[in-house]
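Work through the exercises below with the sequence and the structure at hand. Try each task before reading its solution.

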Amino acid sequence: KVEAVLDQTSETAETLRPKLDAVKSQIEKLGPPPAKDAPPEAPEVTTERARLAALAGAYDGAIKSSEVTWVRARQLIERITVLRHSLFTKNLLERLPSPLLPEIWRDIVSSLPAVQHRFHAWANDWSYWAGRKSHELTLLLAGGVLLYLILKLIVARWTNRRSLRSGPPAPTFFERAISVAWITPLRALPAIAASIMIYAGLDALGLLYNPWGRAAAGILQGMLVFAAVSALLYAVLAPKEPQWRLVSLANRPARRVARLLSAIAAVYALDGALTEAIRAFFVPLALTVLQSFASSIAFAALLIGLLLTPFTPPALGEAQVRSRHEPRWLKIPLWFIAIGIVVAALLGYVALARFAAQQLVLTGLVALLGWLGYLAIRAITREPPQRGIPVSELLEQKFGLDAPRRHQLARLIELALTFALVICALPFLMLQWGFSGADIRESFKSLFFGLEIGQF
């Protein structure tokens, strides 16, 4: 019903604006009213001027009233949409019509005309204002593309690790980790800088008004996430730079894993951008279900492709292939998750499937960063002295400790750093699994300062 009010008020205002312009044009033809000391104008002109002024006031009041009603209706629809999507996200176990059944497609077909009408009206309005600033818009887009290409060329030269070291000795873990730390932001910079420039330019031109502003913000967020995650993945896996690779993979599986993980990040970013666009344009729930179903199936398909990739270590060489099911401790749980996402989506539990896919991406990202941190800790405490400066060697040089005590202190330092790493990773995991900041603070307060049971 509110959507009907939205369409009616918009149509009313569009109908009255030409009439108001026509009345104002007639008033301008009458000329300005005579001054105070000037001779009075003819009674017919005075009467006509008063009639036109009253008519213009009535038209203007009706247009403003329609616009206020339109704004109130849009705000109400936005509240309804937010509540609806919030309930859809929270009720993960709610079963909706499966996209395999005709019911959901009937809802989509019945709601498409209204969606197309609203989107067509918004698109025409945006095209009108963009057409008035076509020169500035063309310069902005050309500048964004040019900035991306220039930064891409500069960064490609700076981050070409194949020319840094190709022969023995191989880079140590710290050298590889440091290269990942500075290469990742540089490789993500071109896409991030160009996206922010175009977004800021559109905002400065006044073209990001509602609902386009919210949709553009979602697209920008998706671009930033994809650029950062894909740059991190390619820096860690180093498909073309095996001597700088942080994981024990041969060249072929490293290339395949990098592509699949980047595709998963792209699906995640695209799903987030589409979700914001759907909320901005008040898309019905049936289309939301279809979008969640498609993103969940795409994510599951990419995950299955990743699980079918043999994680062959470089020690076996390219000719020997490791079993597709190794390591079993990692791939068997992921197989259950992938199959569960597909089954849940097909049965109509699209919210649960989408939630599982998103949480797997976020949890996997935190786990990847935590795993890299743990590898760094092990490199500090266990790396052979001839390849770096581990803790045991430092203890010997500074404090003169013997070998048994050095190993004991090194293991204690490893446990302490690992515990600190887990403590740092837990808040991020808890936040993405639905815990609030207050819950996390109370949990860590109880962990470090004790909890009360009864009167103890």
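**Exercise 1.** Are aspartate 271 and arginine 354 buried or exposed?

Solution. The model is a predicted one. Step one is to find the two residues: aspartate 271 belongs to helix α7, and arginine 354 belongs to helix α10, which covers residues 350-382. Step two is to apply the cut-off, as a residue counts as buried when its relative accessible area is under 20%. Both aspartate 271 and arginine 354 are buried. Step three is to look at how their side chains meet: aspartate 271 and arginine 354 form a salt bridge, with 2.9 Å from N to O. This pair links distant parts of the chain, 83 residues apart. For the protein as a whole, buried residues account for 35% of the 456 residues.

**Exercise 2.** Find which arginine forms a salt bridge with glutamate 276 at 3.3 Å, and state where the two partners lie.

Solution. The partner is arginine 214, and 3.3 Å separates the closest N and O atoms. Glutamate 276 sits in helix α7 (residues 251-280) and arginine 214 in helix α6 (residues 212-237), so the pair, 62 residues apart, joins distant parts of the chain. Glutamate 276 is partly exposed because its relative accessibility is 21%. Arginine 214 is also partly exposed, at 23% relative accessibility.

**Exercise 3.** Glutamate 276 also forms a salt bridge with arginine 279. How many residues apart are glutamate 276 and arginine 279?

Solution. Both residues lie in helix α7, three residues apart, which is about one turn of the helix. The closest N and O atoms of glutamate 276 and arginine 279 are 3.9 Å apart, and the cut-off for a salt bridge is within 4 Å. Arginine 279 has a relative accessible area of 21%, so arginine 279 is partly exposed. Elsewhere, salt bridges with shared partners join Glu14, Arg17 and Glu67 into one network. The structure holds eight salt bridges.

**Exercise 4.** Which residues gather in a patch of positive charge on the surface?

Solution. The patch consists of Lys240, Arg252, Arg255 and Arg259. Take lysine 240 as the example: lysine 240 is in the loop between α6 and α7. Its relative accessibility is 61%, so lysine 240 counts as exposed.

**Exercise 5.** How far apart are lysine 90 and alanine 351 in sequence and in space?

Solution. Start with lysine 90, which is found in helix α2 (residues 43-90). Lysine 90 counts as exposed because its relative accessibility is 64%. Along the sequence, 261 residues separate lysine 90 from alanine 351, while in space their C-alpha atoms are 8.2 Å apart.

**Exercise 6.** How many helices and strands does the protein have, and which element has the lowest mean pLDDT?

Solution. The count is 13 helices and zero strands. Among the elements, helix α11 (residues 391-399) has the lowest mean pLDDT, 64, whereas helix α4 (residues 134-158) has the highest, 93. The mean pLDDT of the protein is 83, with 88% of its residues at 70 or more.

Notes: Residues are numbered from 1 along each chain as its sequence is written. This is a predicted model: local features need pLDDT of at least 70, side-chain atom pairs count only at pLDDT 80 or more; totals for chains, interfaces and linings use all residues. Side-chain values use heavy atoms; hydrogens and water are left out. Helices (H or I, at least four residues) and strands (E, at least two) are DSSP runs, numbered from the N terminus. Buried means under 20% relative accessible area, exposed over 50%, partly exposed in between (1.4 Å probe, protein chains only). pLDDT is the predictor's confidence in each residue, from 0 to 100. Patches are made of residues with over 30% relative accessible area and no salt bridge: like charges are joined within 9 Å, nonpolar side chains (Val, Leu, Ile, Met, Phe, Trp, Tyr) within 5 Å. Accessible areas come from the Shrake-Rupley method with a 1.4 Å probe; for residues, only the protein chains shown count as cover. Lys and Arg count as positive and Asp and Glu as negative; His and the chain ends are not counted. The place of a charge is taken as NZ of Lys, CZ of Arg, CG of Asp or CD of Glu.
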